[in-house]
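Please have the sequence and the structure at hand while reading.

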Amino acid sequence: MSKRKSIGIMGGTFDPIHYGHLVIAEAVRSKYNMDKVIFVPSGCPPHKNCSNVSSAMDRYTMTALATATNRYFDISTVEIDRSGKSYTYDSLIEFKKKYPKHDIYFITGADAIKDITTWYNYEKLLEMCYFIAATRPGYTLSNLKNKELQMLSKKQLENIEIIEVPGIEVSSTDIKRRVRENKSIKYLLPETVEDYITKYDLYLKKENDI
Ligand SMILES: Nc1ncnc2c1ncn2[C@@H]1O[C@H](COP(=O)(O)OP(=O)(O)OP(=O)(O)O)[C@@H](O)[C@H]1O
Ligand SMILES: O=C(O)c1ccc[n+]([C@@H]2O[C@H](COP(=O)([O-])O)[C@@H](O)[C@H]2O)c1
């Protein structure tokens with residue numbers, strides 16, 4: 001990594017945000033001594049059905065609650081303010097303009113990076129920023145390098161770093177299912193987010209009914 005200043009961009013649907021997201025963002029920030037990590041809730045996640053996702057306001061609020069206690073964490077509305085699919089390429093253009101002196105690192109789970117060749121304008125994206133892919137349980141480094149990423153050139157692969165972080169086996173899908181089944185979600189996500197979910201009765205209906 002160069003000695004230039006750097007920031008991390010942590011994009012996600014965050015429906016809801018949980019400790020899996022927070023752990024990887026903090027692990028990457030401290031490992032690379034980043035100035036900050038900006039959490040970017042998607043407006044309409046490109047690879048998900050937007051109509052099945054909670055409102056942008058709920059997801060933004062939960063992300064703000066979850067990140068409030070970390071002075072290095074920030075939050076951006078760049079994607080929820082934009083209409084149409086929330087392509088990372090469009091957001092990165094904006095962040096490059098806003099932070100011309102910083103190196104930009106897009107932080108993602110390793111399971112998401114394996115599909116990078118299906119992302120909008122992925123070739124340009126890989127020239128514009130570095131990707132830091134945190135392994136989550138079930139994804140090994142060798143599997144990822146050998147199989148899913150084999151379409152990429154050596155130069156493109158150089159802009160992707162796969163790192164291991166303390167694994168937390170939690171997903172937003174699992175949390176939503178637990179809420180529906182009236183199971184505890186305690187210790188899977190910050191208490192403030194848990195309280196928000198309870199207060200506004202989020203996730204009680206089946207995903208297709210949202
Ligand atoms: N437990 C986890 N460990 C590591 N990375 C994670 C974890 N959960 C999510 N991520 C990563 O965080 C990013 C944003 O994830 P997202 O908001 O879609 O949450 P999710 O839990 O993966 O949701 P879903 O269950 O709907 O797939 C993605 O790059 C994803 O790979
Ligand atoms: O730009 C794309 O084509 C693209 C395709 C899939 C995922 N992403 C981004 O990757 C991040 C994680 O996505 P998701 O669907 O797992 O929440 C989020 O910021 C998405 O906008 C971006």
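## Strands β5 and β6

β5 and β6 run parallel and are joined by five bridges. Within this pair, Ala134 faces Ile163 of β6. Strands pair here if DSSP finds at least two bridges between them. Helices (H or I, at least four residues) and strands (E, at least two) are DSSP runs, numbered from the N terminus.

This is a predicted model, in which local features need pLDDT of at least 70 and side-chain atom pairs count only at pLDDT 80 or more, while totals for chains, interfaces and linings use all residues. Residues are numbered from 1 along each chain as its sequence is written, and chains are lettered from A and ligands numbered from 1 in the order in which they are written.

On its other pairing, β5 meets β4, again in the parallel sense and over five bridges. Tyr105 is opposite Tyr130 in β5, and Gly109 has Ala134 in β5 as its bridge partner. β5 is mostly covered, with five of its six residues buried. A residue is buried if 20 or more other C-beta atoms lie within 10 Å of its own, exposed if 12 or fewer, and partly exposed in between, with C-beta atoms placed from the backbone.

## The sheet as a whole

These strands belong to an open sheet of six strands, ordered β3-β2-β1-β4-β5-β6 with parallel pairing. Its edge strands, each pairing on one side only, are β3 (73–75) and β6 (160–164). Neighbouring strands of the sheet are turned by 30° against each other on average, direction ignored. Axes are lines fitted to C-alpha atoms, for helices over the stretch in contact, and angles run from 0 to 180 degrees between N-to-C directions.

β1 (residues 5–12) pairs with β4 (residues 102–109) over six bridges, in the parallel sense. Gly8 is opposite Tyr105 in β4, and Ile9 has Phe106 in β4 as its bridge partner.

## Helices across the sheet

Helix α1 (residues 19–32) lies across β1, β2 (36–41), β3, β4, β5 (130–135) and β6, and runs at about 170° to β1. Helix α3 (residues 88–98) lies across β1, β2 and β4, and runs at about 150° to β4. Two residues are in contact if their C-beta atoms, placed from the backbone, lie within 7 Å.

Which residues come nearest to ligand 2? Of the 16 around it, they are Gly11, Thr13, Thr88, Trp119 and Tyr120. β1 and α3 are the elements that give two or more residues to this shell. A residue is near a molecule or strand if its C-beta atom, placed from the backbone, lies within 6 Å of it.

By class, the shell around ligand 2 has seven nonpolar, eight polar and one charged residues. Ala, Val, Leu, Ile, Met, Phe, Trp, Tyr, Cys and Pro count as nonpolar, Asp, Glu, Lys and Arg as charged, and the others, Gly among them, as polar.

## Loops and backbone exceptions

Most residues other than glycine have a negative phi, and most peptide bonds are trans. The peptide bond from Asp15 to Pro16 is cis, with omega near 0°. Pro16 sits in the loop between β1 and α1. Asn33, in the loop between α1 and β2, has a positive phi near 50°. Asn33 is exposed because 10 other C-beta atoms lie within 10 Å.

Asn182, in the loop between α8 and α9, also has a positive phi, of about 60°. Asn182 has 7 C-beta neighbours inside 10 Å and so counts as exposed. The loop between α8 (172–180) and α9 (191–199) also holds Lys183, which counts as exposed because it has 11 C-beta neighbours inside 10 Å. Lys183 and Lys85 are 98 residues apart in sequence and 33 Å apart in space, C-alpha to C-alpha.

## Overall dimensions

The protein has nine helices and six strands. Its C-alpha atoms fill a box of roughly 50 × 35 × 30 Å along the principal axes. The radius of gyration is 17 Å, which agrees with the value near 17 Å for a compact globule of 210 residues. This radius is taken over C-alpha atoms, and the globule rule is 2.2 Å times the number of residues to the power 0.38.

Of the 210 residues in the protein, 34% are buried. Among contacts with a separation of 6 or more, 80% are between residues 24 or more positions apart.
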